Amino acid sequence: VGVWVGNLDHQATKGVTGATGPARKRPYLQRPSHGLQMAMDPRIPDNHEAFQFQMANLPEHSMVDWYVDGKLAATTPTRNCLWPLSRGGHRVMARIWAPGVASPEETTRVNFLVK
């Protein structure tokens, strides 16, 4: 991506060889955190218990494929995904499909436990 940088009055820039700015931050999973341990509530029916996965730094207008234990669990247009709780050890990761990008970006895998 190239960006033109110049003076607003259209005068020549002297001694300027480039420009710097903030780099795009890489998307990552905010929730769950690695090693998170959750417990299902015996007072709530199992099919009513869920956990919200959440991502940070999601590029605008992206689609997210959420994978739990290597299987596609959901596809969302937002940084959140409500996942029905299931007992056991799990691993979650996400593939981000940004507009205009041919291949997805993957987050690191996060391990968590539901008791």
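Biologist: Which residue does the side chain of D46 meet in a salt bridge?

Modeller: Side chains of opposite charge can pair when their charged atoms come close. A salt bridge is a side-chain nitrogen of Lys or Arg within 4 Å of a carboxyl oxygen of Asp or Glu. Here the side chain of D46 meets that of R87, at 3.4 Å from N to O. This pair links distant parts of the chain, 41 residues apart: D46 lies in the loop between β2 (36–38) and β3, and R87 in the loop between β6 and β7 (88–97). Helices (H or I, at least four residues) and strands (E, at least two) are DSSP runs, numbered from the N terminus.

Biologist: What kind of model is this, and how are residues numbered?

Modeller: The model is predicted; local features need pLDDT of at least 70, side-chain atom pairs count only at pLDDT 80 or more, and totals for chains, interfaces and linings use all residues. Residues are numbered from 1 along each chain as its sequence is written, and side-chain values use heavy atoms, with hydrogens and water left out.

Biologist: Is D41 buried or exposed?

Modeller: Buried means under 20% relative accessible area, exposed over 50%, and partly exposed in between (1.4 Å probe, protein chains only). D41 is buried at 18%, whereas its salt-bridge partner, R43, is exposed at 72%.

Biologist: Which strands pair with β3?

Modeller: Two strands pair if DSSP finds at least two bridges between them. Strand β1 (residues 28–31) pairs with β3 in the antiparallel sense over 3 bridges, and 5 bridges join β3 to the antiparallel strand β6 (residues 80–84).
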